[in-house]
Amino acid sequence: MPQPRDRTKPSRRFRLLLLVPLLLLIALSSWAVASPVGGAPDENFHIASIWCGAGDREGLCESSPGEDGKLVPWATVGSQCFAFRSDISANCQAEELGDDPNKLVLTEHVNAWAHYYSPIYYAVMSVFASDNVPASVIMVRIMNSLLFVLIATALFIALPARRRPLLIISLAVTTVPWGIFLVASVNANGWAVLAGGTLWLAVLGFFETSGWRRIALAVLAVLTAVIGAGARSDMAAYAVLGMGAAVLLAAHRGLGRRFWLSVILPAVLAVVCFVLFLSAQQIGIWQNGVAPGSGGTAQQGLGLLVHNFLAVPSLWVGSLGTWPLGWNDVAIPPLVWVGTLFAASAAIFTGLISMNWRKALVLAGAGLALVVLPLYLLQRSLTEVGGLVHPRYLLPLLTMFVGFALFPVGRRVPTASRLQIWTVAGILAIANAVALYSNIRRYTLADAPGVSLSTSDSWWWESGVPQPTVVWVVGSVAFAGVLALLAHALITRVRRVRVDAAVPSSPRPVIEG
């Protein structure tokens with residue numbers, strides 16, 4: 001017969017969970033310093049755009065009369081001398097940048113001039129721009145990491161207990177290694193990763209709660225919608241899909257006035273996302289495609305469509321480590337992507353234990369988007385998989401798909417055994433440690449024996465940052481600690497679900513305080 005719950009244990013578990021945000025910030029900060037300036041894809045564009053995010057500022061971003069583009073410090077656009085060349089360490093920056101890395105150079109590869117993206121991300125991050133480019137880049141990366149931690153933590157607290165596993169698991173099994181790499185970078189994709197894992201849950205929780213939780217979740221929904229759509233135009237489309245899915249999953253028989261009034265929030269946010277989508281020139285890419293460049297092909301028509309259809313799954317799993325990090329020049333050992341693929345697949349198949357027509361429709365919609373959106377853009381641009389569309393663009397949609405799959409229907413809650421949960425947590429901890437090690441070693445190119453990541457002539461930050469081996473160990477242990485604490489919380493939640501399922505009770509109310 002089920003035993004009564006021990007009311008003294010939750011407070012101890014809650015105190016332990018308070019360590020998760022701190023450990024996660026440490027883990028993300030380790031990734032923030034694991035790459036040199038220019039280490040993330042298209043970072044020369046994103047750094048210059050941040051420096052110009054607040055308009056013209058002397059020494060940071062200036063206009064040149066009669067010239068197209070903006071004048072920015074040379075270090076913002078000239079630091080990626082190692083890009084695509086895995087045999088060259090980041091030491092090349094000293095020679096490339098010369099004696100005056102802050103000299104102003106003209107570039108058209110900047111959002112303030114090209115307007116590829118919404119200006120919101122660059123305007124916010126421009127606060128941290130300074131004449132010390134390396135220090136500012138580290139600050140931007142850490143602030144992006146802090147934003148991720150704060151929003152994820154706030155959402156965890158505000159969500160009903162039964163929805164928290166959706167947040168934890170969907171992010172955990174899809175963010176190693178590319179997600180965590182992007183969150184701790186200056187790339188605007190980091191904001192898209194954050195929004196993809198949180199927006200739809202904030203809207204779902206908004207429908208299912210009352211009181212302070214409902215208010216907090218409404219605020220989080222607004223914030224994450226603006227964050228996502230203000231970072232990338234494609235995330236604006238994903239945001240609308242995620243909010244629509246949340247509305248459908250929250251629907252139930254006997255819908256009342258409260259439900260329909262609640263729909264106003266996601267409807268307004270959908271309009272905001274559409275406006276932000278129109279504010280960027282990326283809309284032209286979706287309408288007309290782009291001229292074939294990298295990945296261009298002589299194929300077209302049905303032949304190109306069939307080829308890309310057969311290859312498009314590589315874009316879904318690329319963010320799990322099958323595609324290299326950085327500028328596609330940081331090789332990831334198979335140990336990483338075999339583990340992350342296992343974890344993501346396990347989560348999806350576990351979630352399929354419960355199903356109804358609404359969940360099936362949501363999953364089908366997300367799955368269709370994962371296929372149709374990249375195929376459409378590749379077809380319009382006469383480009384094969386491998387060019388133009390990268391896995392990181394689809395990562396927010398993949399995170400949502402995993403969350404949709406795990407959504408419980410009725411009393412059939414997807415659960416796993418203690419051994420299964422600890423196994424997945426261990427796999428992800430190892431995958432993160434190996435990926436972080438590989439990323440640091442690529443830029444230091446250290447040839448020291450053992451696992452040491454530095455030698456006397458290897459690259460590293462000038463000052464203020466611990467040695468690379470220390471960064472790797474601390475970051476790996478911190479992330480393992482996050483997974484261990486969350487695994488313990490999930491196991492406790494599974495026990496509670498099984499006890500509740502064994503005790504006859506009245507139907508769960510739709511609204512939870």
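**Burial, backbone and loops: how the terms apply**

Q: Where is Asp42 found in the chain?
A: Asp42 is found in the loop between α2 (19-32) and α3 (43-51). Helices (H or I, at least four residues) and strands (E, at least two) are DSSP runs, numbered from the N terminus. This is a predicted model, in which local features need pLDDT of at least 70 and side-chain atom pairs count only at pLDDT 80 or more, while totals for chains, interfaces and linings use all residues. Residues are numbered from 1 along each chain as its sequence is written, and side-chain values use heavy atoms, with hydrogens and water left out.

Q: Why is Asp42 called partly exposed?
A: Buried means under 20% relative accessible area, exposed over 50%, and partly exposed in between (1.4 Å probe, protein chains only). Asp42 has a relative accessible area of 28%, so the term partly exposed applies.

Q: Why is Ala405 called buried?
A: Ala405 has a relative accessible area of 0%, which is under 20%, and therefore Ala405 is buried. Its place is in helix α21 (residues 391-406).

Q: Which residues does Ala405 touch, not counting residues up to four places away in sequence?
A: Ala405 touches Ile348, Gly351, Leu352, Lys359 and Leu363, where contact means heavy atoms within 4.5 Å.

Q: What makes the peptide bond from Val176 to Pro177 cis?
A: This bond has omega near 0°. Most peptide bonds are trans.
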